[in-house]
Amino acid sequence: MLRLVDAPRCPYCARVRIMLAEKGIEHEAVVIDLADRPAWLYELNPAGRVPVVEEDGWPLPESAVINEFLEERYPEPPLLPVDPAARAAARLRIFRDDDFTDPYYALRRGEEGAEDAFAAALAELDATLAAAPFLTGTAFGLADIALVPWVIRARDMLGVSLEPYPDVDGWLARLAERPSVAAEIATVASL
Ligand SMILES: N[C@@H](CCC(=O)N[C@@H](CS)C(=O)NCC(=O)O)C(=O)O
């Protein structure tokens, strides 16, 4: 059975949790304490980071790579568009995730100018979502999964209002109807 080395507060792990739920993949979650990481984690991932998935004893780190792997290993339901250009656009959004996550972490650290930078990142997301219903294009998929963990945490942990960003707000409301994302919202509420 697939094993996920997991930490509830980790947004990168959240990507994989959502993916596993969307695909209905049976798995065992091994929850670690990020503040006191077990020595065996470094054997699975020398960087000492989660998430790691293990398939038949083969460890795979890096959430974006894990989700691409899961997409290929479990193709149903598909979470990437069929059209190569649309697939590339979704992958580009994931590849450039730090355009959104860097301002998020700066805000969390309380850095000077971070509020404006995060507002600009949300405004960019809002403009994208005004043009298409999902970050993956016409249907929910990998790019939505890649960014939604930070949007949930910004709203529910950092107290960022999404009211000025109606398309982000509407997107999150649509995503929250999915059991995978609803479960992540509940996890964040429990932290
Ligand atoms: N690029 C990695 C980032 C994973 C990551 O930074 N995970 C954090 C928890 S949210 C972690 O394990 N931090 C421990 C550390 O950086 O030493 C991914 O996408 O999986």
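Which residues line the largest cavity? Arg 15, Ser 63, Ala 64, Asn 67, Glu 68, Ile 94, Leu 142 and Ala 146 do. This is a predicted model, where local features need pLDDT of at least 70, side-chain atom pairs count only at pLDDT 80 or more, and totals for chains, interfaces and linings use all residues. Residues are numbered from 1 along each chain as its sequence is written, and side-chain values use heavy atoms, with hydrogens and water left out.

On a 1 Å grid over the protein atoms alone, a cavity is a set of points where a 1.4 Å probe fits but cannot get out, while a pocket is an open set with protein on both sides within 12 Å along at least five of seven lines; lining residues have an atom within 4 Å of a point. A volume is the space filled by probe spheres set on the points.

Searching the whole structure turns up 1 cavity of 30 Å³ or more. Helix H3 (63–73) gives the largest share of the lining of the largest cavity, 4 residues, and helix H7 (142–156) also supplies at least two. Helices here are DSSP runs (H or I, at least four residues), numbered from the N terminus.

Here are the volumes:

| Site | Volume |
|---|---|
| Largest cavity | about 60 Å³ |
| Largest pocket | about 490 Å³ |
| Second largest pocket | about 180 Å³ |

Of the 21 residues that line the largest pocket, Cys 10, Tyr 12, Arg 49, Val 50 and Pro 51 are the closest to its centre. Helix H1 (11–23), H3 and H5 each put at least two residues into that lining. As for the second largest pocket, its lining includes Arg 93, Asp 97 and Phe 100.
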